[in-house]
Amino acid sequence: MGHPLAYPALVTIGTLAITIAWVPFADPEQVAMLGTVAAIILGYTGFRFAVALGLLPAGLRGGSDEREVAVRRVRQQHRLESRAWLEFAAGGKSWWLPVYFDTALVTLTPTTAEIGRRAVAVDGRRMYPAGRVRDSEPVGRLIDNPERADPEAIGRTGVGRRVLLDAQGAVVGPFAGLLWVYVAGGGVGAFVAATIVGAATATWLSAVRGSDPS
């Protein structure tokens with residue numbers, strides 16, 4: 001998808017649609033719970049996008065003027081989580097910034113980035129933070145970009161593959177369904193609805209945090 005934020009926005013809309021679709025079949029207490037889930041999704045997505053767009057700080061180490069620092073892209077693999085990070089180096093120190101996936105990252109070789117207080121650009125292309133800068137190396141396995149990128153790699157980052165990878169977290173759906181029935185009551189219908197909403201929410205959380213399908 002063109003814009004890096006288009007995919008998480010699309011998944012957010014889909015998750016909200018799935019959540020709201022169950023409202024006509026729910027009792028007042030269940031409607032309140034569905035409303036709470038929808039509010040959390042909207043609020044957290046808004047916060048994430050505000051950081052990505054520079055409306056809220058991401059801890060970027062730029063001053064009033066942009067400065068150039070060395071940068072390379074690494075992919076984090078930790079359990080079911082896969083995220084894209086930019087690793088910056090300056091003054092003998094390194095720090096890492098999670099970013100929303102951009103197809104330009106697939107073929108990115110070590111280069112320089114221009115960093116301001118609220119934005120970062122690599123080779124003239126703006127990257128969108130998917131969280132705050134950290135001084136410690138991200139947990140899990142960090143995979144470097146190959147010196148010669150696979151020309152078919154970008155073709156394997158379509159929406160279908162991204163949803164499939166993000167949906168790995170949907171295994172929590174049945175547990176969410178059981179918890180829902182325990183708290184709010186209801187029969188098989190409530191369990192099915194809660195399972196579907198839980199699975200969709202888990203998929204959304206992975207997407208809005210900045211998953212990397214490459």
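This is a predicted model: local features need pLDDT of at least 70, side-chain atom pairs count only at pLDDT 80 or more; totals for chains, interfaces and linings use all residues.
Q: What does arginine 125 count as, at 37% relative accessibility?
A: Arginine 125 counts as partly exposed. Buried is under 20% relative accessible area, exposed over 50%, and partly exposed in between, with a 1.4 Å probe and protein chains only.

Q: Which residue forms a salt bridge with aspartate 102?
A: Arginine 125 does, with the closest N and O atoms 2.8 Å apart. A salt bridge here is a side-chain nitrogen of Lys or Arg within 4 Å of a carboxyl oxygen of Asp or Glu.

Q: Where do aspartate 102 and arginine 125 lie?
A: Aspartate 102 is in the loop between β3 (93–99) and β4 (111–115), and arginine 125 is in strand β6 (residues 125–127). So the pair ties together parts 23 residues apart in sequence. Helices (H or I, at least four residues) and strands (E, at least two) are DSSP runs, numbered from the N terminus.

Q: Is aspartate 102 buried or exposed?
A: Aspartate 102 is buried, with a relative accessible area of 4%.

Q: How many salt bridges are there in the whole structure?
A: A search finds 5.

Q: Which residue does arginine 73 meet in a salt bridge?
A: Aspartate 212, at 2.5 Å, N to O. Arginine 73 sits in strand β1, and aspartate 212 in the segment after α5. They are 139 residues apart, so this pair links distant parts of the chain. Arginine 73 is buried at 5% relative accessible area, and aspartate 212 is buried at 4%.

Q: And what about arginine 209, which residue does it form a salt bridge with?
A: Glutamate 81, with the closest N and O atoms 2.4 Å apart. Arginine 209 lies in the segment after α5 and glutamate 81 in strand β2, so parts 128 residues apart in sequence are tied together. Arginine 209 is partly exposed at 25%. Glutamate 81 is partly exposed too, at 21%.

Q: Which residues are linked in a network of salt bridges?
A: Arg72, Glu87 and Asp144.

Q: New topic. Where is glutamine 77 found?
A: In strand β1. Glutamine 77 is partly exposed at 24% relative accessibility.

Q: How far apart are glutamine 77 and valine 106?
A: They are 29 residues apart in sequence and 15 Å apart in space, C-alpha to C-alpha.

Q: Last one: where is isoleucine 196 placed?
A: In helix α5. Isoleucine 196 is partly exposed, with a relative accessible area of 35%.

Technical notes
Residues are numbered from 1 along each chain as its sequence is written. Side-chain values use heavy atoms; hydrogens and water are left out.
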